[in-house]
Amino acid sequence: MKVAVLVFPGSNCDQDMLGAWQLMPKVECQYVFHSESSLEGFDVVAVPGGFSYGDYLRCGAIARFSPVMKALQEFAESGKPVIGVCNGFQILLEAGLLEGALLRNEGLSFICRPEKLRVANNHSMFTSAYSENQVLEIPIAHGEGNYYCDAETYARLKSNGQILFEYENNPNGSFMNIAGICNSKGNVLGMMPHPERVVESLLGGTDGLPLFHSILNFCQHKTA
Amino acid sequence: MYPNPQQIKDQKIYSRMGVSDGEFEKITEHLGGRLPNYTELGIFSVMWSEHCSYKNTKPQLRKFPTKSPKVLQGPGEGAGVIDIGDGLAVVFKIESHNHPSAVEPFQGAATGVGGIIRDVFSMGARPVACLNSLRFGELSNERNRYLFEKVVKGISAYGNSVGVPTVGGEIYFDDCYNGNPLVNAMCVGLLKHEDLQKGVAGGIGNSVLYVGSSTGRDGIHGATFASENLSEESESKRPSVQVGDPFMEKLLIEACLEAIQHPKIIGIQDMGAAGLSCSSAEMAAKGGVGIELNLDLVPQREKNMSAYEMMLSESQERMLLVVEKGYEAEVADIFKKWDLYAVNVGTVISEPILRVKHKGVTEAEMPVQALTEEAPVYYRNSAEPVYFQEGMKRAASVSAEIKEQAEQKYQNNWMDILKDLLAASSIASKRRVFQQYDYMVQTNTVAGPEKSDAAILRIRGTQKALAMTVDCNSRYVYLNPEKGGALCMAEASRNIIASGAQPIGVTDGLNFGSPENPEIFWQIEKSVDGIVAACKAFDIPVIGGNVSLYNERSSMGAVFPTPIIGMVGLIDNPDHITTQMVKHAGDSLILIGGNEQAAFGGSELQKMLFGAVYGDCPGIDLDEASELNKRMLEAIQQGLVRSAHDVSEGGLAVCLAEKLFGTGFGAKISYEAEDPINWLFAEGGHRWVLSTAKPEKVLALFGAHASLIGEVLAEANLELWGENLPVASAEQIWAHALDHSVEVAN
């Protein structure tokens, strides 16, 4: 199985994301630079966190124009898994692959700390290895992670089971405690918390591991 | 438009740039009797500023032991380098950005972080961690709250964006820092031995490449500004403060680390203080060659910039590279991948001079040695201050006065004293601050802020880990600079040891007032002596550092002498990683080290009861401390220690409380102290509290230096001689005190 970790100028969680995938069995993973125009041969694409283009103008607003994003659109349409974390989530929103927007944190400060999340839907390709309503501890590290969508969109996300993670103690003002959502097809995930930071007990936890296992399981079943 | 050489001399225009009459004469001598023009004078003035030349402190800095078999690079390069085995080396340095932060706290602090990160990757190392040491006036003052909040935001904005985790630090508040905050940033990097770079030019005819941001008018004369006292007029120097672009820095890191793999790169250096002038002069001087620059080729972001402005600009995120002739395009291609330009702006020449050409005119021509090694050195007068002599006289009565006040104000209710100490801004949790820093990015952080006495990072691909800390109790140093300097070193070593690491090196950030004042110079001299004594006792080399003088505001006098110790340690086995919180009910609590040397001079309790510190600072026996360091590490390596925390501000009682926070456990203290207030709250000596499941073994290892003081309880209460304090209520006070100080006042 082949995983692409996209690298934009200013990405800084690319190494962490690659490191997490490298812990998975039988996974080959590599960086794909923003200037590439093809994602052929990959089974999963991960859009890592950071400050692509310095977050200038608006988080993710410039990155979405990178050549690789056109390939990512096609990749997403093909139904293969795409995961965007933190700045990656912001980029996926800017690119229109997910619905809603991320605003400045309610307290206007950057927040970095472990945060409790609840698995709101474990019937997705990203969460199948979690149990329903399982409470996880996964760190956040962002200044603009205050998720917003209008009531109509929220109702749709909710009824389609597109809300995958919710904060237990909302840290940033996100609408209805939303921490992570997927698209209507269920193959594009965006989340502000960093699962790739909790995959080794030495670093304080492994609550992120099942997310990677879930994606792995999905891909293996599909090929099988 | 600029004054001509004769006008500069006649009207003493050089004095506006901080150049003395004597120095002006020397400049003329170095130029073979010719008077300098305005551009040359500007370059000399920044190169000879304290910030670049250490002209007031060189004789002091020479006292530091700088060698050990593991030191690959001592002071003199961008940062020091120490071998850690496995073909790897650790690179680190601390740097101040005090003056800029006083007038423009956000950018001042942000560019301080940027500057120190460049120092580290210019050595060929990937920056893996940042720490910072901050000082402000008390938070009851609105300006101080503003400076505090903005400095933290500046560090957060830059560090988070550039992707280097800010894993630790320290913050203190004291009115001596009113209007003159201290902002010292430390960066730690890792490199493979073969990637070690130097800031050196060589090979006649080779090319000088300019990389990174374009040059603007920001930061002109920043180094000179940093080498004079702050005053009401300092506000007008706001244009001397640079503006940071962390995105550009991130690109530079990636591009430079890729570029150094190119075999034809001769040298690389950051354009930091004194920008193009300093980097080119230093690289040429180190290589025993000269450099000719053509400023027409320098990328410029503003129109009609003069040679003077370009040479003195401190625009951020710029690097200078020397590349073998013929390979400029190959190197430029590496930078192009990251959307950066690498422009050929000069040539290495055999004459050891810095020659600057602009629009066909030679604007400056100066011997590089005169700008660097031959900068003036001053042996300043030193005088024992009156405050110190008076403090020594009062020292004997400090303890009795503390006891009297504690009786009067607290009726000797120890828990009430403890609760108030936990709310003191210097002791209270700093989570308000460190939650704004991404301390986990790069996923190596094993112990971030307030987890272990030192921050701990694993080294990917090895069994090793690094421990790092910054420490300085400037109250001690003020009361007794020599003992205080040694105490700072001792505390840093305790923190490193408590995390399970062997200390391997130090970088020092020396912050003082004006060296021209003999009493201040005495503080510099004595505190360096104290640090040197401790370095020798502990056998830890100093591999680099920074000096910031003139930390004075004309109306308010100098800051406390603040020599910050940045220390790094090495852990060989992940099993040795140790954190500060208790882990198991039933474990024994053991105090290591005696409190014979403990005292109240400069203590948090003295500050709380009297609103000021006076007397003499606590003592320390360095030989005993060194022996305790060894045994403590042995105890950890033998697996006897489940948690360890050093005794520092607030004394033993605060240490015990901090060991319980967030654990759900409590502690019962059974030790019968003869002098309870001294035992609980006095500071000094060389002490830790550890928790262990094997108390007999620990007691046997330490002998008379250890005492069993209590045990860990399953219930979250602190029980002390019949009194009982719920840990949750103590933690509540400690966790939110800083928020209250900032928000309630606002």
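Predicted model: local features only at pLDDT ≥ 70, side-chain atom pairs only at ≥ 80, totals over all residues.
A residue is termed buried when its relative accessible area is under 20%, exposed when over 50% and partly exposed in between (1.4 Å probe, protein chains only). Residues are numbered from 1 along each chain as its sequence is written, chains are lettered from A and ligands numbered from 1 in the order in which they are written, and side-chain values use heavy atoms, with hydrogens and water left out.

Over all chains, the structure holds 25 aromatic pairs, where rings of Phe, Tyr and Trp (its six-membered ring) pair if their centres lie within 6.5 Å, and planes under 30 degrees apart count as stacked, over 60 as edge-to-face and the rest as tilted. The pair of B:Phe148 and B:Phe173 is edge-to-face because the ring centres are 5.3 Å apart and the planes stand at 80 degrees. Both B:Phe148 and B:Phe173 are buried.

A further edge-to-face pair is formed by B:Phe610 and B:Tyr614, with 5.7 Å centre to centre and 90 degrees between the planes. B:Phe610 is partly exposed, at a relative accessible area of 30%, whereas B:Tyr614 counts as buried at 10% relative accessibility. The charged end of B:Arg394 sits over the ring of B:Tyr614, 3.8 Å from its centre, a charge being so described if NZ of Lys or CZ of Arg is within 6 Å of the ring centre and within 35 degrees of the ring normal.

Residues of chains A and B also meet in one aromatic cluster, formed by A:Tyr53, A:Tyr56 and B:Phe247.
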